[in-house]
Amino acid sequence: MGGALVLESAALLHWLEREGYGPLGMTGISMGGHMASLAVTNWPKPLPLIPCLSWSTASAVFTTGVLSKAVNWRELEKQYYTQTAYEEEIIQMLEYCGTDSFKMGQDFVKNFPDNVDSLEDIDVTSRMFNFDSPNKTESKEAVHSFATSRSTLSASSERLLMQDAPKIQCINQTFSTSSNKNLTIQQGHRINNRTKSDTLQRESLRFMKGVMDECTHVANFSVPVDPSLIIVVQAKEDAYIPRTGVRSLQEIWPGCEIRYLNGGHVSAYLFKQGLFRQAIYDAFDRFLQKYTV
């Protein structure tokens, strides 16, 4: 989609120039702002750019922003787990923009809600409830022996109970050790399962972020001819477009201006469009001052 939009934008800009229109500029809100940014990186002339409520990459939107909860991570984990080409071939071709990419994946997995819906959880759960497994057989035998001993003890007299106290204590210790052993094995399975599940979540998330960074991170594209003509409008409380752990546009496009407004993604779209228009006016004024003879 991004590639098609870049091509279509270039075709429209060429057509407008031929028809005598100008000065030309590009703007957009949210994903539109990000697409406008990608389009301007492929234009060989100075161009005013006003991206509103967008940032340097779309990957954070779907991995750490509120929209990440709308992604079917279980299906993506399943595909990543079953298709070896993702890990063995494609991931080697991805270019990660910034050293913070993997850290973002770790932070996301750390806050990911615990559940038993992943492949490894389902697998270990089925093993735990498999009555033919060795652990379950051992447990059933221990329960049967314990029940038999209890029946024998209740039928015995108090005198025999006192005489056999050392033996009974030994038997109880044996059953206690066996029970603890079974519990330790099950806990070990759960811990091992959780480790595998976390690893799968982390790797699939890293792959997802890598693919999106490869296609949408502006650092993978050329720097616009004149970054001073770029005015970025961002909302301070924007939960849809996370900026934490993501490379700043000021770092990628030295000389651009970032304007922050109060509010979130939706409230800014509904009530702050006057600020968007002012940024557009200002960017075109800069263009006219610098390039109009």
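Are K209 and D213 buried or exposed? In this predicted model, K209 is buried, and D213 is buried too. Their side chains form a salt bridge, with N and O 2.6 Å apart. Both residues belong to helix α10, where a spacing of four residues separates them by about one helical turn.

The protein has 293 residues, of which 35% count as buried. Its secondary structure consists of 13 helices and four strands. Among contacts with a separation of 6 or more, 78% join residues 24 or more positions apart. The accessible surface is about 17,300 Å². Carbon and sulfur atoms account for 57% of that surface.

Seven salt bridges were counted. One of them links the side chains of E17 and K45, at 3.0 Å from N to O. E17 sits in helix α1 and K45 in the loop between α2 and β2, so this pair ties together parts that are 28 residues apart in sequence. E17 is partly exposed, at 33% relative accessible area. K45 is also partly exposed, at 38%. R247 pairs with E251 at 3.2 Å between the closest N and O atoms. R247 is partly exposed at 24% relative accessibility, and E251 is partly exposed at 48%. Elsewhere, shared partners join E257, R259, D282 and R286 into one salt-bridge network.

The second largest pocket has a volume of about 260 Å³. Its lining comprises 19 residues, and M31, H34, A58, V61 and F62 are the closest to its centre. Helices α2, α3 and α10 each supply at least two lining residues. The largest share, four residues, comes from α2. The lining has 13 nonpolar residues, six polar residues and no charged ones.

Technical notes:
Residues numbered from 1 in each chain as written. Predicted model: local features only at pLDDT ≥ 70, side-chain atom pairs only at ≥ 80, totals over all residues. Heavy atoms only, no water. 1 Å grid on protein atoms, 1.4 Å probe; cavity = no way out; pocket = protein on both sides within 12 Å on 5 of 7 lines; lining within 4 Å. Points joined across faces, edges and corners; volume = space filled by probe spheres on them. Nonpolar A, V, L, I, M, F, W, Y, C, P; charged D, E, K, R; others polar. Buried < 20%, exposed > 50% of the residue type's maximum accessible area, 1.4 Å probe, protein only. Contact = heavy atoms within 4.5 Å. Areas by Shrake-Rupley, 256 points an atom, 1.4 Å probe, with all protein chains shown as cover. Salt bridge = Lys/Arg side-chain N within 4 Å of Asp/Glu carboxyl O.
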